Amino acid sequence: MNKAMKCTAGTAEQYVLLQVNNLVKHYDSRSGLWGKITGNPGSLVQAVDGVSLTINRGETLGLIGESGCGKSTLGRAILRLHEPTSGSVTFDGTDVTKLDADSLKKMRRRMQIIFQDPYASLNPRKTIEDIIGTALRLQGVAKSSDIRGCVTQLLENVGLKPDHMTRFPHQFSGGQRQRIGIARALALNPEFIVCDEPVSALDVSIQAQVIQLLDDLKRELGLTYLFISHDISVIGYISDHIAVMYLGDIVETGPTKQILTDPQHPYTQALLSAVPRVDGSGTGDRVKLTGDLPSPINPPKGCKFHTRCPYAKDECQLKKPEHHELKNGLTVACHLVTGN
Amino acid sequence: MTEAQPILSISNLQTRFATRYGLVTAVDGVSLDVMPGECVGVVGESGSGKSVTFASVMGLIKPPGWIDGGSIKFEGQELVGMSERSYRSLRGKYIAMTMQDALTALNPALTCGFQIMEVLLAHDSQISGSARNRIREARARVIEMMMLVRIPSPETRLNDYPHQFSGGMRQRMMIAIALACRPKLLIADEPTTALDVTIQAQVLELITDIRQTLGMSVILITHDLGVVAEYCDRVAVMYAGQVIESGPTKSVIGQPSHPYTQGLLRSIPNLANLDKRIRPIEGQVPELIDLTPGCRFIGRCDVREEACTQRVEMRNIGQGRTVRCIQPKGNVQ
């Protein structure tokens, strides 16, 4: 369980580690018993609605979108923390969605998650040693006599002291708790980590410490991240590629630089121009969006963005746009952006 | 400074709380002036005393907390020690505050329309006559306010409860309540923290529009330096209960003097220049219990020296800027 050994694989050639194909996660409350009792018809929440993604080994894919767009659901559906409705997730050649419980448990050693809220994601009644060591014990990768040593090592890796091990979560600040969450995710020496808004609950100066830590760990251990956030500057800093999500769909993907400097989808443009910039560079021609995110229970027909899009045409209300690849490496789903 | 009288003048404010762990000095010697029509940003991390400072201004500090010294003057009138009765005629009418979390700040059992109307009925002397007449008049004003904050179809939404609105709309409802009596000063405590960027831009632009049309002053409490850079005329940076740097936004953000402000700016990834590595400020904000008299930032500062263990006073460094550091550097690399 010694770390840092595994990172030899991170060589230059591009190697697809994770391939998500047409992944769908719908929450259906239409046929429930409660609906029958109350006569309430229930609803179908289309949280993730046919998402395809590719992540290369050793890279970070930043997933950005507003709250309620399905980012976290997607992250969890990939790990099967929420069972996907349909579609496939291929991790290193294995279709994760088809695994039985035993194989899935084995697979989980290789895929981990860091949660958003460091106050809610640590059990307040367990010591740090228990919290980090549980995964090691459950997976049987360390003998109980070795666990303490592993936890010591993990705590040092994330910048905490070994004697913190006997403390409880409430004795730590938000930033320290998030480090504990990171140590827990690293315990099984995974290859792939879903970082679900790992810094959004932290203050600016602490946020920078945690981003730095995640970035360093990625390099040292050859990790691959799916980094979910609503903060574009954080995503831009840490990601190699960015995927922009809107109401259950990916609307644009591409290399970080292209997305940030030359976004093609009107939603990406609006999202970027809405960010207030410290250097004042973001003002001027702001693409303004009106209204709120529509409900995923009854999403707009055609292009889901047409209700807020400043350039929407008739076509956008009727037909769902296909993804097409542009010359500069971006893939965009918009009727107004054509491939040539 | 200009000859105009500040609309709000806080000087040397001390607010303390008695806790079972000891005496917490949440606000320690904060001074701040706000001019008519001006937008002042107050930035700081959690626990820096931003919210407590303005809760003190609003007279909302209740035991075990108390204002231990200093003065808060609103249009020349001293607010510290003012009776609750006089405060009630001031709050909501002349100074209004929007709270951080719109969902918990609104009463879930009352319709949003009623919550706006309540303020008008309590304060607006123009609304008079029989009870029925007053309600009719107030209702018209509520619809007007809801239109001002761009709530679609206000005539029907008036009767909706807070849970029926989205986060951005709730925040705009709070602003409608705060602005109902056209106050001279709006204190907006983290008005956009819980909101997405596209909605954040809507809310901040709304506040700016209304500020310009009503000519009111705005204090924007936030932890987002980007928001300050775009929307505020002046900024005060707070750290561990003190204002450590203040001045015109452009010059403070362009050329921060205090090591903390510099560190804060280096901690933010810059979208325009992504190759620039961020440099976090190491360590954590100190506990506010039993503080030593010296500089609060001493434990995290790269340029500390012996003299920093003595009390550091706010110093004027010209161009309307002040800084609480014994060796402020003029520039950030």
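Which residues in H4(B) meet which residues in H5(B)? The model is predicted, so that local features need pLDDT of at least 70 and side-chain atom pairs count only at pLDDT 80 or more, while totals for chains, interfaces and linings use all residues. Residues are numbered from 1 along each chain as its sequence is written, with chains lettered from A and ligands numbered from 1 in the order in which they are written.

Helices (H or I, at least four residues) and strands (E, at least two) are DSSP runs numbered from the N terminus. Contact is assigned to two residues if their C-beta atoms, placed from the backbone, lie within 7 Å. On this basis, B:Gly113, B:Ile116, B:Met117, B:Leu120 and B:Leu121 of H4(B) meet B:Arg134, B:Ala138, B:Arg139, B:Arg141, B:Val142 and B:Met145 of H5(B). By class, seven nonpolar, one polar and three charged residues form this contact; Ala, Val, Leu, Ile, Met, Phe, Trp, Tyr, Cys and Pro count as nonpolar, Asp, Glu, Lys and Arg as charged, and the others, Gly among them, as polar. The axes of H4 (residues 112-123) and H5 (residues 131-148) of chain B come within 9 Å and cross at roughly 120°. Such axes are lines fitted to C-alpha atoms, for helices over the stretch in contact, and angles run from 0 to 180 degrees between N-to-C directions.

Helix H1 (residues 50-57) of chain B is mostly covered, with eight of its eight residues buried. A residue is buried if 20 or more other C-beta atoms lie within 10 Å of its own, exposed if 12 or fewer, and partly exposed in between. Among the buried residues of H1(B) are B:Val52, B:Phe54 and B:Val57. Just after H1(B), a positive phi of about 70° is found at B:Gly59.

Chain B also holds an open sheet of eight strands, in the order S6-S7-S8-S3-S9-S10-S12-S11 and with mixed pairing. Two strands pair if DSSP finds at least two bridges between them. Strands S6 (95-98) and S11 (315-318) of chain B stand at the edges with a single partner strand each, so one side of each is left without a neighbour in the sheet. From one strand to the next, the twist averages 20°. Strands S7 (residues 185-189) and S8 (residues 217-222) of chain B pair in the parallel sense over five bridges, and the bridge partner of B:Ile187 in S8(B) is B:Ile219.

Between the chains, 31 residues of chain A are in contact with 32 residues of chain B. Helices H7 (204-221), H8 (232-238) and H10 (266-273) of chain A each supply at least two residues of the side that touches chain B. The largest share of that side, six residues, comes from H7(A).
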